[in-house]
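Have a look at the structure first, and then let us walk through it together.

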Amino acid sequence: MRERGCRLLFLFLFACLALLHGALAETGTDLILGGVISTDGEVQHKIPSSDVPGISGNGTCTSSFYVSLSVYLGEDATEHFRGIFFKGRDNTERTPSIWLVPHTNQVTYRVMGEQGEVWATSRRELKLESWSHLVLTFGKKMGSKNFVMRLYIDGEIDSEIELRSPPVLNDADFLLGKDVGATSKGFVGLLSQLEVGTGGESFYPLLDCEVRQKFASAARNLRKITRRDHSLWTCQREADLADLVKPGHQGVLCPTHDDDAVDEGEECSIEGKGSVFEGNWELLRKSHEAKGNEKIPAILQLAWKNWLGLDQNPKSCHTALFYMQMASSIASTNYQRPGQQFSVEEVLLSERVHQSRQDNAGTDADDSWALKTMAEGGSADAALTLANRHFYGHNGFPKNMTEALSYFKMAHDLGSDVGSIALAKMLLRGDLVDGAAQGGGQRAIELYQGITTRSVDRLHLSESYNGLGFAHFYGKGGLEPNRTEALANFEEAASLGSSQGALNAALILNDEDPGHKARAVEYFKVAAKNSALANHYLGQFKAYGEGGEERNCSSAFEHFWQMAKIGPWANELSTGLKSYLDGDLDGAYAAYKRAAQLGYSIAGYNILFLLDSRRSKRNNGLRRLLGRDEGERFLADDPADTRVVLEDVILGGVEATDVLKGWAHQKLGDCYLFGDTHGCAEAKPTKAVEHYEEAVLRGNVAAYFSLGDVHFFGADGVERNETEAFRLFRQGHERSGRELASLLALGSYSILSVLGFLKRVLVL
Ligand SMILES: *[C@@H]1O[C@H](CO)[C@@H](O)[C@H](O)[C@H]1NC(C)=O
Ligand SMILES: *[C@@H]1O[C@H](CO)[C@@H](O)[C@H](O)[C@H]1NC(C)=O
Ligand SMILES: *[C@@H]1O[C@H](CO)[C@@H](O)[C@H](O)[C@H]1NC(C)=O
Ligand SMILES: *[C@@H]1O[C@H](CO)[C@@H](O)[C@H](O)[C@H]1NC(C)=O
Ligand SMILES: *[C@@H]1O[C@H](CO)[C@@H](O)[C@H](O)[C@H]1NC(C)=O
């Protein structure tokens, strides 16, 4: 009896294994979108159908698929349907899709069947302001000809519906957030870890236990990424199962690294605010709650974090692209507004630019006064220089369009064609918000026409044709708006080498029938070297494989960055430069740090330069602090004797004070760390560490930083240990209290993240 029971059990297990194996073997994942995407009701993340082949087809059918994702609902029910995901060109084909239903937080899930749409509504509502894990599956019902569409919420079956026939697929994009309807809204909140896959012919695509696994792993990942306890439900659920919730316990139990284990009592804490990258959570919140330009710094940080896989974010080009594209879109809108053209001050501090620049001087500087006098005395060049400074806000000048216009006019009056062109440009664009541009259009056209009739300079001609194209396009200065005329002028300008002309021609062509897309792309490419906006468009073509371009996520990301980097947020670079030139190293570091977070690699270089200054300052500080000039000279005279002098004479001597011993140990540390350049026959980092440690014990400030460096960078026989490095930097700071090193080391992880970041940015 017992034997038979066992055999039955064995057979049963075998059957289960076979089933499991069959199901696993036939299940395939098409797409995994890692990271967290924030949706504000308006954004729409497009995933081309080619990325989700398992649920794409032109009127064909599938018998098995699944879509799995986590959704964080940030806004309560409204009167609208709120899209979560949608696949279809219009409402006649929405296989598959999920929305939130009006007036409740229940969801409806749908596919298009052969006899029309098949849909069901969840029994449960999604919880407000917490994460829910949704899995929609479609597959064949076992032992039946029918199919089942099923919705799991948080790992449990919520509801299911039976279908006679499989769904009809479409080949439209898979949209996250806002769907195709002009009036529809997307849900407001966050979305994470989207996974789309297919099952085999005969089985259900996911077993119940696989759904639960996805749910558990989503909960784990989200806690890591958002650094906030969104996994409340997970913790409680897991705890319920294991019966671990203690009565009256106020904290939240968190799952540990093992799938099922629950580490009793571990608190889900919000990570400290000190890190260089603010917690993701704060960024995610800002990325959809802030308005317009204010979103950008958060969005850019999210883009880079996902691109580089920093701070526990999964490295995901698609998620990174989502943010970079969003940043690029906002930046491009901003950029096209009058007076919003910012320059990116990609100045390397190490190149000592400050000797030729006066950024800290402003309009009171000597040369500014001289230029003014020269301009008034008839120098068109001086007038142009002043005009440019006012126009772009260069050299410490505040941006001032009124001033710029008056200096361009002065240059024009002095017979400068460049002055005429710039003046015409400002008049046409309406860079002056007030009424000063009245009648400016006509004036601008006359100025341009003057150039086209008298000039032979290619640059001046191309600028003028471009300006005329602009006037034709918008119907300025009494002209009829006429795209044909405009395009002809822009193409003329492009043929003379104007990238602005090429961009404008591209914009018109791109807007016309799709047959002109390829021509538009060619012009965009010509313009891309000088035009951020052209990069924005190329980014779009690359993101979706339009305009005859190959799809390429990383290339799209790079193009979008070219646009996204230009805007008011680029001012951090100017601020950093200005602070540095003013001698405000604190300010420079802070500004460059902010800029580095936004992805400006130049800011990273400049931070390294500041770190380097720290090093030399430290050595100066050492001399001052310990007054060992004599010893230094002694060692410098005969480095070969360094070790002997230090070890035997000073350390071996009975009368040496602790300060002197500390200094000697620190020097010996250098000696062993660097080898023959510092007087030791060979480098022995482990010995260097011993000496630095002795020096630290004796309160030698420099040794804190040297030892910190060794731990930070690692050396032969010394493992990298950033925690230890920053502990030392911090202590060194506390002891010295005034060196740059100290301020750089503040906030423990701060430099580390910037450096780590830089290292990765540099290989882009
Ligand atoms: C999709 O199918 C329709 C009708 O069967 C056909 O007219 C159309 O060309 C197909 N589209 C593609 C992209 O294959
Ligand atoms: C620009 O300059 C003009 C003339 O000097 C001055 O009246 C105006 O206040 C300035 N505008 C700004 C925004 O500084
Ligand atoms: C635009 O200009 C072209 C060429 O000069 C002309 O043929 C066309 O009629 C104009 N169109 C309009 C709408 O004025
Ligand atoms: C995508 O673009 C990147 C950078 O622009 C390039 O290095 C890479 O080779 C491209 N990939 C493909 C598949 O073309
Ligand atoms: C790094 O240093 C810290 C002390 O600052 C220590 O607690 C930790 O164990 C060290 N880590 C490694 C990997 O040695």
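A residue counts as near a molecule if one of its heavy atoms lies within 4 Å of it. The model you see is predicted.

On its own, ligand 4 exposes 360 Å², and the protein buries 32% of that.

Around ligand 5 we find Asn721, Glu724 and Arg727. Ligand 5 taken alone exposes 360 Å², of which the protein buries 36%.

Both sites have polar side-chain atoms beside ligand oxygen atoms, as listed here.

| Ligand | Residue | Distance from a ligand oxygen atom to a side-chain N or O atom |
|---|---|---|
| ligand 4 | Asn552 | 2.4 Å |
| ligand 5 | Asn721 | 2.5 Å |
| ligand 5 | Glu724 | 2.6 Å |

Now for the nonpolar packing. The largest nonpolar core has 112 residues, and the members that touch the most others are Ile84, Phe174, Leu194 and Tyr600. Domain 1 (26–206) and domain 2 (573–762) each supply at least three residues to this core. A separate core of 29 residues lies apart from it, including Met401, Ala411, Leu423 and Leu428.

Which residues does leucine 194 touch, leaving out those up to four places away in sequence? Its contacts are Leu31, Ile32, Leu33, Ile47, Val67, Ser68, Leu69, Phe174 and Leu176.

Conventions:
Residues numbered from 1 in each chain as written. Chains lettered and ligands numbered in written order. Predicted model: local features only at pLDDT ≥ 70, side-chain atom pairs only at ≥ 80, totals over all residues. Heavy atoms only, no water. Polar contact = N/O pair within 3.5 Å; in protein donor to acceptor, adjacent residues only side chain to side chain. Areas by Shrake-Rupley, 256 points an atom, 1.4 Å probe, with all protein chains shown as cover. Core = buried A, V, L, I, M, F, W, Y, C linked by side-chain atoms within 4.5 Å. Buried < 20%, exposed > 50% of the residue type's maximum accessible area, 1.4 Å probe, protein only. Domains from an automatic or database assignment. Contact = heavy atoms within 4.5 Å.
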